[in-house]
Amino acid sequence: MPVETITWKSGKIKFIDQTLLPHKLKYVSTDDIHRLWWAIKKLEIRGAPAIGIAGALGVVIGIKRLKAKTFDKFFKELQTFSKYLGSSRPTAVNLFWALKRMEKAARDNRLKSIAEIKNILLKEALKIIDEDMKSCRRMARFGSGLVKHGSRILTHCNAGGLATADYGTALGVLFESNRQGKNIRVYVDETRPLLQGARLTTWELMREGIDTILICDNMAASLMAKGRIDMIFVGADRIASNGDAANKIGTYNLAVLAKYHKIPFYVVAPLSTFDFNIKSGKEIPIEGRSGDEVRAILGKLIAPKNVKVYNPSFDVTPNELITAIITESGIFNRPYRKALGAVSRCK
Ligand code: MRU
């Protein structure tokens, strides 16, 4: 059963504080947009699709108490909330996709009363959740077709239920393969600095009874060299029109290693993660985070407290290193610009 990561309950957003996992499963309820902004910023809510959902629901809580009587005034305030929520994290395009969708839903209904528009916006946010659930299942089905009985799989960061409204993207493929009795083994990169692999992915896989082995990030190459990895599945935060894909820092390392060791490297992501407005990964904004995340592990200082730090949250894997991209609309192969062209026109 997928964990309920982020939902709408009794007029509030209810979400898991993921910073406390795996040792504490704590839900937080809020209708305070500033609390939500911090939850996204601090990675209490994280993972591209979940951030998108948080953005959509964030608009709903933002507009809840608005007293504006005219559409123009209402819309101006909505845009202020949308801009504010968008300032929380820059890389996952799902956030901006969801915010734009909420703005469009308001504009398309400008002739209705403000009360009706508020209701329509709540429905739109719930629709985004519903669509995310369905696309997780579809990606899982497509991706599991690539997994053979007994496959040994490597994953990085957390692209599971905690990053979506349902089953996850890359982990969805693994859950579905496990459900089909494929007897897979999954190696999980711990994913420094914030340890999403060690804390979140292991927790999700073990809850499903999947054979899970945690490794430090610097152990992947040696496993590959020993022939102990058959395939790699990762998620994405933003995919450019040419298929270049931004994902958690360290993903690019794996893709380079996979190419050298001739291991298939798959990216699993819903269409809401594609940014067809940009031509290549060079245009993807990469979030830089506090040096303290590297100087310390879970709050415990491990390096000199004034050492300089380089801490980009994501890197970009060039499309030529990606064997295929698995979406809810099917599996796409290179050349991605051509393969994705038809999808971009429908989006
Ligand atoms: O910084 P995070 O934890 O939000 O980064 C998450 C990732 O990089 C995931 O792999 C990505 O968002 C895909 S989640 C389905």
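A residue is taken to be near a molecule or strand if one of its heavy atoms lies within 4 Å of it. The model toured here is predicted, so that local features need pLDDT of at least 70 and side-chain atom pairs count only at pLDDT 80 or more, while totals for chains, interfaces and linings use all residues. Residues are numbered from 1 along each chain as its sequence is written, and side-chain values use heavy atoms, with hydrogens and water left out.

**The ligand and its shell**

The shell comprises 18 residues, and the closest are Arg46, Ala48, Arg89, Asn247 and Lys248. By class, 8 of the shell residues are nonpolar, 6 polar and 4 charged; here Ala, Val, Leu, Ile, Met, Phe, Trp, Tyr, Cys and Pro count as nonpolar, Asp, Glu, Lys and Arg as charged, and the others, Gly among them, as polar. Next, colour helix 2 (48-63) and strand 9 (245-248), each of which supplies at least two residues of this shell. Helices (H or I, at least four residues) and strands (E, at least two) are DSSP runs, numbered from the N terminus.

Now display the atom pairs around the ligand. A polar backbone atom of Ala48 is 2.8 Å from a ligand oxygen atom. For Arg89, a polar side-chain atom lies 2.8 Å from an oxygen atom of the ligand, and for Asp237 a polar side-chain atom lies 3.0 Å from an oxygen atom of the ligand. Taken alone, the ligand exposes 420 Å², of which the protein buries 100%; accessible areas come from the Shrake-Rupley method with a 1.4 Å probe, and for residues only the protein chains shown count as cover.

**The loop between helix 1 and helix 2**

Leu43 lies in the loop between helix 1 and helix 2 and has a positive phi of about 70 degrees although it is not a glycine. Leu43 counts as buried because its relative accessibility is 6% (buried means under 20% relative accessible area, exposed over 50%, partly exposed in between, with a 1.4 Å probe and protein chains only). Glu44 is found in the loop between helix 1 (33-41) and helix 2, and at 1% relative accessibility Glu44 is also buried. Show its side chain with that of Arg35: a polar contact of 2.7 Å joins the side chains of Glu44 and Arg35. Such a contact is a pair of N or O atoms within 3.5 Å; within protein, one must be able to donate a hydrogen and the other to accept it, and residues adjacent in sequence count only if both atoms are side-chain atoms.

**Backbone features**

Move to Ser10, in the loop between strand 1 (6-9) and strand 2 (12-16). Ser10 has a positive phi of about 50 degrees although it is not a glycine, and it is exposed, with a relative accessible area of 76%.

Two cis peptide bonds follow. The bond from Arg192 to Pro193 is cis, with omega near 5 degrees, and Pro193 lies in the loop between strand 5 and helix 7 (196-207). The bond from Arg334 to Pro335 is cis, with omega near -5 degrees; Pro335 is found in the loop between strand 16 (330-332) and helix 11 (336-346).

**Two further loops**

Select Ile184, in the loop between helix 6 (170-179) and strand 5 (185-189). At 3% relative accessibility, Ile184 is buried. Finally, select Pro264, in the loop between helix 9 (251-261) and strand 10 (265-268). Its relative accessibility of 25% makes Pro264 partly exposed.
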